[in-house]
Amino acid sequence: MLKWTRRNIYLFIILSTVPVFLFEIVGLKWLHIPWLPLGVLGTAISFLVSFKNNASYDRLWEARKIWGGIVNSSRSWTIMVKDFITNDRTENPISESELYKVHRELVHRHIAWLTALRYQLRKDKPWEAHLKSDKSNKEFRENMLFIHEDEIPIEKVIKDYINEEEYQELFAKGNQASQILGIQSRRLRELKQQGLIEDFRHMEMENMLIEFYTLQGKSERIKNFPYPRQYATMNFYFVWLFILLLPYGIMEGFESIGEHILEDLSHHQSRTDWGHRIQEWVAANFVWFSIPFSVILSWVFNTMESIGENTENPFEGGPNDVPITNMSRGIEIDIRQLIDDTDIPEPYKWVNDIVL
């Protein structure tokens with residue numbers, strides 16, 4: 001967290017030192033603000049920051065629940081594929097190897113849906129641009145292994161899971177994830193016509209595709225509708241207004257503390273020893289202690305505002321996002337093992353305790 005916010009800390013040190021220098025060295029003793037109105041301002045901003053962080057956390061947690069639903073539904077879909085599509089009721093049975101190919105086809109197409117969905121969720125939106133250009137966030141992304149959606153085009157990744165005809169159909173249209181679910185539904189109808197799926201089981205599998213559409217729509221809702229900018233922008237301005245005024249509001253208070261210490265020391269009998277002189281020097285310059293306290297308070301307010309700002313878009317690939325790339329790989333490994341598939345990929349390696 002300190003590494004992520006270090007640039008702002010450097011700025012806070014400068015913003016806190018300049019007023020003290022003008023107040024103490026230059027002698028501009030009028031250069032201060034009463035603490036009472038500043039305290040009221042800080043209290044109001046605390047409520048605003050809390051409101052934004054709660055709203056941002058709700059968006060993040062909703063996104064996490066959606067992808068938790070995708071994990072569970074993906075397993076359910078695979079079990080349905082494996083146990084519902086059989087030769088039990090067909091007049092023209094197919095071989096076990098052909099049946100396995102059907103299972104593998106439907107499961108791989110589902111992985112293609114996961115791939116298309118996460119690529120769509122990683123696309124840049126105008127309101128996410130300033131966060132991706134932030135130096136600290138760029139460092140975070142560069143220090144990770146990499147975010148696959150940034151490095152490998154979707155055309156290359158998705159080609160391993162669908163045939164050439166479906167590949168051409170997908171990229172001739174807009175929303176690839178929706179098209180894949182449409183192809184799944186069409187394929188289920190063909191299997192029903194062959195007698196490999198009975199009516200009831202076909203209906204259950206169609207309902208599962210509807211559930212995938214629902215989960216996709218919920219993800220797209222979060223991705224395509226930003227946190228209201230009037231709240232986010234004004235909250236940012238208010239926090240920085242407080243940070244700029246803060247050093248001017250606490251200088252006089254620290255100077256008063258130093259004066260009280262000096263007054264107490266003046267009644268001390270042993271005024272010639274070195275310890276006493278050091279205490280007098282510290283008390284006479286006590287106003288400089290306002291700098292570290294101002295930096296700490298500024299860091300707390302700004303960091304809380306930054307956490308809310310970086311949490312409100314949980315799919316953009318930032319340090320506080322839902323790790324959908326890693327979750328997709330976990331789902332792929334899980335469901336391919338359920339059908340005894342081969343050439344199953346390894347889990348992504350974790351770098352700095354996180355993979356997005």
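Surface patches are built from residues with over 30% relative accessible area and no salt bridge, nonpolar side chains (Val, Leu, Ile, Met, Phe, Trp, Tyr) being joined within 5 Å. The model is predicted, and local features require pLDDT of at least 70, side-chain atom pairs pLDDT 80 or more, while totals for chains, interfaces and linings use all residues. Residues are numbered from 1 along each chain as its sequence is written, and side-chain values use heavy atoms, without hydrogens or water.

Leu48, Met234, Phe236, Tyr237 and Phe238 form a nonpolar surface patch of about 450 Å² (Shrake-Rupley areas, 1.4 Å probe). Helix 11 (residues 229–266) supplies the largest share, four residues, and Met234 lies in this helix; helices are DSSP runs (H or I, at least four residues).

Helix 3 (residues 96–122) and helix 14 (residues 324–338) have axes, fitted to C-alpha atoms over the stretch in contact, that come within 10 Å and cross at roughly 175°. Helix 3 is therefore roughly antiparallel to helix 14 (angles over 145 degrees). Contributors to the contact (heavy atoms within 4.5 Å) include Arg104 and Leu114 of helix 3 and Ile331 and Glu332 of helix 14.

The whole structure contains 17 salt bridges (Lys or Arg side-chain nitrogen within 4 Å of an Asp or Glu carboxyl oxygen). In one, Glu305 pairs with Lys52, with the closest N and O atoms 2.9 Å apart. This pair links helix 13 (residues 290–311) to helix 2 (residues 35–84), across 253 residues.

Terms used
Axes are lines fitted to C-alpha atoms, for helices over the stretch in contact, and angles run from 0 to 180 degrees between N-to-C directions. Helices (H or I, at least four residues) and strands (E, at least two) are DSSP runs, numbered from the N terminus. Angles under 35 degrees count as roughly parallel, over 145 as roughly antiparallel, 65 to 115 as roughly perpendicular and the rest as oblique. Patches are made of residues with over 30% relative accessible area and no salt bridge: like charges are joined within 9 Å, nonpolar side chains (Val, Leu, Ile, Met, Phe, Trp, Tyr) within 5 Å.
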